[in-house]
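Below is a guided walk through one protein model. Please keep the sequence and the 3D view open while reading.

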Amino acid sequence: MALRAELAAIDPSRPCDRRAEAAGLGSAPLAREGPVTRLALRLGRGRRAGPPLAAAPGHTAAEAPANGREFDWDESADHCRLAYLRGLFLARGSLSLAGGRTHLEFVIGIDEAAPLVARLAAMSLPASWRIRRGRGVVTWKNGDTVGLFLRRIGAGGSLLEVEARQVSRALRGDLNRVLNAESANLQRAVGAAGRQIAAIDELERDGRLANQPYVVRLVADARRGTPEATLGELAERLGLHRSAVQRALERVERLALHPDAGAGRRSGAGRRSGNASLAGRRRNAPLLGREPALAGDETASRVGRALA
């Protein structure tokens, strides 16, 4: 209603614009809104007799008959065409902003829909049309196109309100996306912290936590002390890299899930035992190799004594 009142309050100064807007209003009854009815009376729409309005000096306008209802689109200037579209919108148009969508439409005759779409496209206002209940419906659903149309027909105040609603919707959408992302991240962090603390408690009960490397025990103690902390916060608190903290917690969870995998020992214990056995073999190998050498030396000494 505010949009129609704003448009109906525009009083064209050019006679050709008044004639074009009256042609856009047409001959349909306009009793649904007082401002539109008053506009029709002000434009002289109710006068069925009388001379037609004269065209502005130096301006090529339509050859309108005495009733002022005919309009020649091709021979009219752009300001006359906009005046015609303003009248057409007041008589046959509607704007809806419900449900977060911008929807502007003209409900006209089926034979008028295609020519109107072509005219709008020539004015850089592309539209689509369809048939609904035996009527042609020319539609805009693009917010930028609707805003351009409202600006060109003189609805500056209503356009500001439309743009404010669009900005508000965009901000609410962005805020909802950020909140959803943060909520999902928080849920994942809480779930991971719960699993890690349960794994730490299990390793501590069966004594395997004490056998872990120092970094793993340090990270486990920090995680148990601050379950709400993120990996980055734990890393900053302990002076470690985030990847080191992540690997330590993954190791704790892996140990808790696979208690019989022999992972309760330090990572170097197996290597040390393997190295010890290898060193033992190396120590034994020379001993086995020296026995023939010792036997040979003893034989040589006996031979030397016999010769002496």
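**A buried loop residue and its surroundings**

Threonine 102 is found in the loop between β1 (93–96) and β2 (103–108). Strands here are DSSP runs of E with at least two residues, and helices are runs of H or I with at least four, numbered from the N terminus. The model is predicted, so local features need pLDDT of at least 70 and side-chain atom pairs count only at pLDDT 80 or more, while totals for chains, interfaces and linings use all residues. Residues are numbered from 1 along each chain as its sequence is written, and side-chain values use heavy atoms, with hydrogens and water left out.

Is threonine 102 buried or exposed? Threonine 102 has a relative accessible area of 7% and is buried. Buried means under 20% relative accessible area, exposed means over 50%, and partly exposed lies in between, with a 1.4 Å probe and protein chains only. Leaving aside neighbours within four places in sequence, threonine 102 is in contact with residues including Leu95, Leu97, Trp140, Val146 and Arg169. Contact means heavy atoms within 4.5 Å.

Two strands pair if DSSP finds at least two bridges between them.

Tryptophan 129 has valine 138 in β4 as its bridge partner, and arginine 130 has valine 137 in β4. The hairpin of β3 and β4 has two residues between the strands, and arginine 133 in this hairpin takes a positive phi near 50°. With a relative accessible area of 75%, arginine 133 is exposed.

Another positive phi occurs at serine 124, about 60°, although serine 124 is not a glycine. Serine 124 lies in the loop between α5 and β3 and counts as exposed at 54% relative accessibility. Most residues other than glycine have a negative phi, and most peptide bonds are trans.

Next come the nonpolar cores. A nonpolar core is a set of buried Ala, Val, Leu, Ile, Met, Phe, Trp, Tyr and Cys residues joined through side-chain atoms within 4.5 Å. The largest one has 42 residues, of which Leu85, Phe106, Phe149 and Leu150 touch the most other members. A second, separate core has 18 residues, among them Ala199, Leu209, Leu234 and Ala256. Not counting residues up to four places away in sequence, leucine 85 touches Trp73, Phe106, Leu116, Leu120, Met123 and Phe149.

Pro35, Val36, Leu39 and Ala40 are buried in α3. Seen down the helix axis, the buried residues of α3 fall within an arc of 140°, so they line one face of the helix; the arc is that of the directions from the helix axis to the C-beta atoms. Arg38 and Leu41 are exposed on the other side of α3. The buried residues of α3 pack against α1 (2–8), α2 (15–25) and α4.

Lastly, the cysteines. How many disulfides does the structure hold? The structure holds zero disulfides, a disulfide being a pair of cysteine sulfur atoms within 2.5 Å. The sulfur of cysteine 16 has its closest cysteine sulfur in cysteine 80, 3.4 Å away, which is too far for a bond. Cysteine 16 is buried, with a relative accessible area of 3%, and cysteine 80 also counts as buried, at 2% relative accessibility.
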